[in-house]
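Subject: Structure handover

Hello,

Please find the structure below. My notes on what was found in it follow.

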Amino acid sequence: MNRATPTSPIQRDALPRGRHAVALILVLATGLSLRWWAAAANEFPTVDGTQYLDQAWQLCFRGQLIYSCFPPGWPLLAAIPLRFFAADDPHAMLSAAHIANVALGTLSIGLTWLLLRRHLGFGLALAGAALVALLPQNIVLAKSDLSDIAYMCGLLGGWLLLERRRDLPAGLVLGYTYLVRPESALASLGLIAWRWRADRRPPWRLMIGHAALVAPYLVFLRVAGGAWDISSKTIALSQSLDAHPGAAYPALIAANLGLLLPLLTGQLGLPLTLLAAYGTVRHRGAWAWLLLPLASVPLVINPMVVRFWLPYLPVLLLGAGLGALSLARSLVARWPARRQMTAALLGLSIAAGLTFAAIDDAPLVRRNTEAYYGLKDAGLWLRGKATPTTLVADYKPYAPYWAGCRFLKYPELGSALDYALWARNQGVEYLVVNVQTVRQYLPGLDGLLVSPLAPELADKLELVHTCFYERVGDNTVVYRVKR
């Protein structure tokens, strides 16, 4: 491991040791308060979150692990607070996810401090923890219902235990992290190889701890899915290879990389991003294996979004800290009389880059990017009319989530009549039609946004509910399919 010397110009602790605990507690309390405030204002699940929350509900109230394209690690964590809520309340399902993510988000701040403190000293570790606490997109993750923060905590917790030679607990934590995000296996394999090479013998306890949780999941995939697989998410890779055969697949990877890489600069700013790259390459500690799962992100058809970077933020901050210390030492060696000016300029450039990068994301802390009032209200209305076996068609699973029903995604068809016939053939009982959805994605449904319906539709569909709002895009109608 490469450690900066205690006499480094920007590493010296700025606070007396007796105040360290107070400073850390203030950072943790600030992070917790911001996350709780942001989560309390979010009233809408995400598309993937509806599936995660359904898994959590099944685990909590039926004791069933259902087969899904998403692994069960995050739903298991969300099911812990869900157990204290009513079983028939969709708001409670979302609240349970928020509680879990707020707690994990606060934990990630402390784990970041532990990661950085060992290598960078208290001052830089506190600054890194404060960055994790205050970064807008990190707060946004805490008010979501997705698995990113659980994944971050799993990687950090596994590494911190492994760094302290606690191999069996480290293996168990990394094994559970696999149940959250199976791509973490890349990091685990790298760390196993590193420990094997360092000790010149197989790290049996690390391997056994990892396998103790991974192996039952692989058996479950075999039984529930009908074939041996390393994850239920590998279907995304198969679909990507089928859609981009031959030379088109490397082109997909290159295009995804071109979209993914700039997102890091948009979070950390250019100076800190360059320092992270420089420090990670120059120091190459075993901790860098935690970044290896990033290599799997561009391999599939998926929108390249900033949350793919965020679970690796603490590791990148470690690389940036080591890079900053190395750069500062070399500059001070060249101009020893300008030590403080060098540290000040370096710190100001990092702060300016971070401030500029955070400006665009700051409004997202409060804003609900998945706000769909009509679909939510339509789903809540359906909840009193339908049963859990009722099949509801929608473009996204929002209304079925609030209704507690089964979901069927609309295909792309040419006309409203085609959709009416499709609904009959598929056994759909209700159609949910939203104005904004029709405008953006499904113009064939436009015939269901007029009143009265055309005669060829009126004998197949019955308008049973309407939701009108000041913002026309939220307007939503619900049709019952006549039999």
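Buried residues account for 50% of the 483 residues in the protein; buried means under 20% relative accessible area, exposed means over 50%, and partly exposed is in between, with a 1.4 Å probe and protein chains only. This is a predicted model, in which local features need pLDDT of at least 70 and side-chain atom pairs count only at pLDDT 80 or more, while totals for chains, interfaces and linings use all residues. Residues are numbered from 1 along each chain as its sequence is written, and side-chain values use heavy atoms, with hydrogens and water left out.

Overall picture

The protein has 19 helices and five strands. Along the principal axes, the C-alpha atoms fill a box of roughly 85 × 50 × 50 Å.

Of the contacts (heavy atoms within 4.5 Å) between residues at least 6 apart in sequence, 69% join residues at least 24 apart.

Thr 280

Thr 280 is part of helix H12, residues 248-283. Its relative accessible area is 14%, so Thr 280 counts as buried. A polar atom of the Thr 280 side chain lies 2.7 Å from the backbone oxygen of Ala 276. Neighbours within four places in sequence aside, Thr 280 is in contact with Trp 287, Ala 288, Leu 291 and Gly 319.

Backbone points

Most residues other than glycine have a negative phi, and most peptide bonds are trans. The following places depart from that.

- Arg 165 has a positive phi, near 65°. Arg 165 sits in the loop between helix H7 (148-163) and helix H8 (167-180), and is partly exposed, with a relative accessible area of 45%.
- Arg 200 also has a positive phi, near 60°. The loop that holds Arg 200 runs between helix H9 (184-199) and helix H10 (204-225). Arg 200 is exposed, at 77% relative accessibility.
- The peptide bond from Ser 451 to Pro 452 is cis, with omega near 0°. Pro 452 belongs to the loop between helix H18 (435-440) and helix H19 (455-458).

Regards

Note on methods. Helices (H or I, at least four residues) and strands (E, at least two) are DSSP runs, numbered from the N terminus. A polar contact is a pair of N or O atoms within 3.5 Å; within protein, one must be able to donate a hydrogen and the other to accept it, and residues adjacent in sequence count only if both atoms are side-chain atoms.
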